[in-house]
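Dear colleague,

I am handing over the structure that we spoke about, and the notes below it go through what was found. Please read them with the model open beside you.

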Amino acid sequence: MSKCELPFFMEHVIGQIRNVTLKIAFGDMTKVKADAYIVPQFNSCASYGGVGGSVARAGAVKGIDEFAEFVSQKGEQKFGTTLLTKSHGGNSDKLLHVVSVGSSKEHEFDTVQSSIYNALTTAEQNGVKSIASPALGTGIIGNLTAEQSAKSTLSAIKQFADEGKNMDVSLVIYGNKSAYNDFVKTLSTKSYETATKEGGEKQFDMGRWIVGMQRDADANKKSGI
């Protein structure tokens with residue numbers, strides 16, 4: 001596969017950053033067909049909640065297990081680290097596990113930036129042509145607003161593109177139309193081109209965290225994970 005394939009009904013816009021074709025979409029990333037999915041992970045264990053849980057339940061639980069085994073054997077990983085594994089199921093052949101969750105308000109902008117760049121570089125070095133990614137840093141325990149995530153992510157894509165490399169990238173925003181609009185605006189205004197390090201501005205919502213944890217636990221149990 002050389003391009004991401006979005007469901008026909010998935011709202012999206014298409015842009016270009018040098019040789020990188022970019023789609024910003026609103027919907028469920030696990031419905032997108034791509035060579036690889038970017039999956040945000042903790043530095044000391046695998047995530048079976050949030051994006052990791054959704055990817056696992058969509059058929060790639062063995063791929064998430066591979067990252068869990070890797071961390072168990074190798075120990076705590078540096079933020080920004082990328083590990084490429086097979087998915088073993090779902091709509092992508094491979095998973096690009098990026099260590100990006102929990103790096104703190106002070107560092108998360110830089111962590112997302114380095115994670116996206118490292119994922120793109122790892123993909124390019126291993127013959128991966130198309131990638132689908134969530135909005136890193138914006139999850140329940142994330143520290144970035146959608147606008148900050150967009151600037152961090154798109155600046156990393158620009159860095160990759162400025163090196164003369166190419167990739168088909170879909171950034172898929174789930175459940176928050178306002179966040180999708182922020183990504184589209186950031187792409188159109190090119191504010192990512194002058195992005196500098198920022199402290200995370202998203203506030204932690206305990207109620208949302210409790211509901212999310214229970215929802216993931218119930219969904220995983222139903223799926224036998």
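This is a predicted model: local features need pLDDT of at least 70, side-chain atom pairs count only at pLDDT 80 or more; totals for chains, interfaces and linings use all residues.

**Strand β7 and its partners**

Helices and strands here are DSSP runs numbered from the N terminus, a helix being H or I over at least four residues and a strand being E over at least two. Two strands are said to pair if DSSP finds at least two bridges between them. On that basis strand β6 (residues 130–133) runs parallel to β7 and is joined to it by four bridges, while strand β2 (residues 20–26) pairs with β7, also in the parallel sense, over seven bridges.

Strand β7 covers residues 167–173, and seven of its seven residues are buried, where buried means under 20% relative accessible area, exposed means over 50% and partly exposed lies in between, with a 1.4 Å probe and protein chains only. In a regular strand the side chains alternate between the two faces of the sheet. In β7 both faces are covered, with Met167, Val169, Leu171 and Ile173 on one side and Asp168, Ser170 and Val172 on the other. Ser170 counts as buried because its relative accessibility is 0%. Not counting residues up to four places away in sequence, Ser170 touches Cys4, Leu6, Lys23, Ile131, Ala132 and Ser133, contact meaning heavy atoms within 4.5 Å.

**The hairpin and the crossover**

Strand β2 also pairs with strand β1 (residues 11–17), this time in the antiparallel sense and over seven bridges, and within that pairing Gly15 has Leu22 as its bridge partner. The two strands form a hairpin with two residues between them, and Arg18 in the turn has a positive phi of about 50°.

A right-handed β-α-β unit is made by β6, helix α3 (residues 146–162) and β7; a crossover is right-handed if, with the strands pointing away from the viewer, the path from the first strand over the helix to the second runs clockwise. Thr153 is found in helix α3 and counts as buried because its relative accessibility is 1%. Leaving aside neighbours within four places in sequence, Thr153 is in contact with Val112, Ile116 and Leu171.

**Ala34**

Ala34 lies in strand β3 (residues 34–41) and is buried, since its relative accessible area is 2%. Apart from neighbours within four places in sequence, the residues in contact with Ala34 include Met1, Cys4, Asn91 and Ser130.

**Two loop residues with positive phi**

Most residues other than glycine have a negative phi. His88, which is not a glycine, has a positive phi of about 70°; His88 is found in the loop between β4 (82–86) and β5 (92–99) and is partly exposed, with a relative accessible area of 43%. Ser104, in the loop between β5 and α2 (108–125), has a positive phi near 90° and counts as partly exposed at 31% relative accessibility.

**The largest pocket**

A pocket is an open set of points, on a 1 Å grid over the protein atoms alone, where a 1.4 Å probe fits and protein lies on both sides within 12 Å along at least five of seven lines; lining residues have an atom within 4 Å of a point. The largest pocket holds about 1400 Å³ of space, a volume being the space filled by probe spheres set on the points, which are joined across faces, edges and corners. Its lining is made by 50 residues, of which Gly50, Val51, Gly139, Ile140 and Arg208 lie nearest the centre. Two or more lining residues come from each of α1 (50–74), β7, α4 (177–189) and α5 (206–223), and α5 gives the largest share, nine residues.

With kind regards

Terms used:
Residues are numbered from 1 along each chain as its sequence is written. Side-chain values use heavy atoms; hydrogens and water are left out.
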